[in-house]
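The following exercises are to be worked from the sequence and the model shown below.

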Amino acid sequence: MKILLLIYSVLTWTYFAVSMTSHFFIAPFYAFLKMDKEYAYIRLCYPFIRVGYFLFRIRLSVKGREHIPTDTPFILMSNHQSHFDIPTMLVSAPVKFAIFAKSDLLKIPILGYDIKKMGHVAIDRENPRLAIKEMDAVAEKVKKGKSLLIFAEGTRTNDGNVGKFKRGAFSLAMDAQVPVVP
């Protein structure tokens, strides 16, 4: 059984690496044809995610989609328990949104490039003064119509339990005066 799990893990990560690399090379050409460049980059992820979920027999069941506003910006708040949370949220929500990420992810070669091009928001959590300035800029973007996915705990949980929520997500929602969608 452990061998099968290892093989499954290797195949999953191989697919992830190949799809990210493919996206990296295809997305600029696709975005060139579209008016909304950020959305073009995000939209091109959908087929890779759906094919990956099909290949690895991951079935999605989405409940509550009707509670997500489609006419106003919002903060979509979630817990973060696996690497599949982000792609699942991308293909499940009825509207486009940016993801609130830690700035360390920008240092990962292909992933960092994609994060920037998709218009996601990266905050430097190691430098509190800079983070406050960045949060003010993010609040302005949200006020102007950019919805945002935030993982309330600030990181993935290792044990599957919901951790302590960070205050920044709630402060951002209050500053931008937008609803929080759990």
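**Exercise 1.** How many Å² does the accessible surface of the protein come to, and what percentage belongs to carbon and sulfur atoms?

Solution. The model is predicted: local features need pLDDT of at least 70, side-chain atom pairs count only at pLDDT 80 or more, and totals for chains, interfaces and linings use all residues. Residues are numbered from 1 along each chain as its sequence is written, and side-chain values use heavy atoms, without hydrogens or water. Accessible areas follow the Shrake-Rupley method with a 1.4 Å probe, only the protein chains shown counting as cover for residues. The surface comes to about 12000 Å²; carbon and sulfur atoms hold 62% of this area.

**Exercise 2.** Determine the order of the elements.

Solution. Helices (H or I, at least four residues) and strands (E, at least two) are DSSP runs, numbered from the N terminus. There are six helices and five strands. From the N terminus on, the order is α-α-β-α-β-α-β-α-β-α-β.

**Exercise 3.** Describe the surroundings of strand β4.

Solution. Pairing requires at least two DSSP bridges between two strands. Strand β1 (residues 75–78) pairs with β4 in the parallel sense over four bridges, with Leu-76 opposite Leu-149. Strand β2 (residues 98–102) also pairs with β4 in the parallel sense, over two bridges, and here Ile-99 stands opposite Leu-149. Within β4 (residues 148–151), Leu-148 and Ile-150 point one way, Leu-149 and Phe-151 the other. All four residues are buried, that is, under 20% relative accessible area (1.4 Å probe, protein chains only).

Definitions and conventions: Buried < 20%, exposed > 50% of the residue type's maximum accessible area, 1.4 Å probe, protein only.
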